[in-house]
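Please look over the sequence and the model first.

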Amino acid sequence: MSTRPVLLALAAVALTLAACEREAPPETGTSPTPATAPATTDTVLAVAESDPDFTTLVSALQTAGMVETLNGSGPFTIFAPTNAAFEKIPAADRDALTRPEGQAELRRLLSYHVIPARLDAASLVQRIQTGGGSLSLTTLQGGVLTARVDANGSVLLTDAAGGELRVIEADVVGSNGVIHAVDTVATPG
């Protein structure tokens with residue numbers, strides 16, 4: 001992922017400019033897949049399974065019993081923590097979440113990263129701009145992530161605990177939604 005921050009910065013600038021020219025997204029919170037995105041029949045979960053940067057996430061989703069949900073019709077936007085993001089969590093806490101008695105808390109944590117709408121990067125940036133510089137996103141878990149764009153053009157999310165997540169790769173497209181890789185695991189509070 002070493003080239004992704006540079007590519008993301010370039011893409012963010014292009015998306016910001018493109019977002020200024022687009023109409024507002026439908027009130028349902030969904031938007032069409034960008035015309036440049038390749039068509040896929042793979043769900044967001046299948047797309048994540050094929051990406052080596054999401055092996056920890058996929059394993060956690062399986063442990064949490066979220067496979068059926070994310071293979072469903074959606075639409076979903078997943079702010080997907082990378083393997084490196086999960087490594088920031090102390091090992092004892094990660095172990096506790098993967099035990100049977102931690103399954104409910106793991107599901108709560110993971111569903112906090114899922115928005116029940118399809119928001120590609122251009123739509124997300126546009127809605128942030130339309131919202132006066134920030135956008136509240138209600139997660140599948142029921143909590144809120146607040147999105148904004150920083151001075152470098154990167155999308156930042158603030159979780160309920162005040163932690164910040166940075167989108168480091170945008171618009172990984174699945175048939176039922178879109179994945180945006182993030183550098184930190186969000187805390188639902």
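The points below are grouped by topic.

This is a predicted model, in which local features need pLDDT of at least 70 and side-chain atom pairs count only at pLDDT 80 or more, while totals for chains, interfaces and linings use all residues. Residues are numbered from 1 along each chain as its sequence is written, and side-chain values use heavy atoms, with hydrogens and water left out.

**Helix α3 and its surroundings**

- Helix α3 spans residues 55-63, and L57, V58, A60 and L61 in this helix are buried. Buried means under 20% relative accessible area, exposed over 50%, and partly exposed in between (1.4 Å probe, protein chains only).
- The buried residues of α3 fall within an arc of 165° when seen down the axis, so they line one face of the helix. The arc is that of the directions from the helix axis to the C-beta atoms.
- Among the elements that cover these buried residues are α2 (44-49), α4 (67-70), β1 (76-81), α5 (83-87) and α7 (103-111). Contact here means heavy atoms within 4.5 Å.
- Helices (H or I, at least four residues) and strands (E, at least two) are DSSP runs, numbered from the N terminus.

**Salt bridges**

- There are four salt bridges, a salt bridge being a side-chain nitrogen of Lys or Arg within 4 Å of a carboxyl oxygen of Asp or Glu.
- One of them joins the side chains of R108 and E105, at 3.1 Å from N to O. R108 and E105 are three residues apart in helix α7, which separates them by about one helical turn. R108 is partly exposed at 29% relative accessible area, and E105 is partly exposed at 38%.
- Another pairs E164 with R148, whose closest N and O atoms are 2.6 Å apart. This pair links distant parts of the chain, with E164 in strand β6 (residues 164-174) and R148 in strand β4 (residues 144-149), 16 residues apart. E164 is partly exposed at 42% relative accessibility, and R148 is partly exposed at 30%.
- R166 and D150 also form a salt bridge, with 2.6 Å between the closest N and O atoms. R166 lies in strand β6 and D150 in the loop between β4 and β5 (155-158), so this pair too links distant parts of the chain, 16 residues apart. R166 is partly exposed at 28% relative accessible area, whereas D150 is buried at 14%.

- On a 1 Å grid over the protein atoms alone, a cavity is a set of points where a 1.4 Å probe fits but cannot get out, and a pocket is an open set with protein on both sides within 12 Å along at least five of seven lines; lining residues have an atom within 4 Å of a point.

**Second largest pocket**

- The second largest pocket contains about 180 Å³ of space.
- A85, K88, I89, D93, L97, E105, L109, T184, V185, A186, T187 and P188 line this pocket, and α6 (91-98) and α7 are the elements that give two or more residues.
- The lining of this pocket divides into seven nonpolar, two polar and three charged residues.

Notes. Points joined across faces, edges and corners; volume = space filled by probe spheres on them. Nonpolar A, V, L, I, M, F, W, Y, C, P; charged D, E, K, R; others polar.
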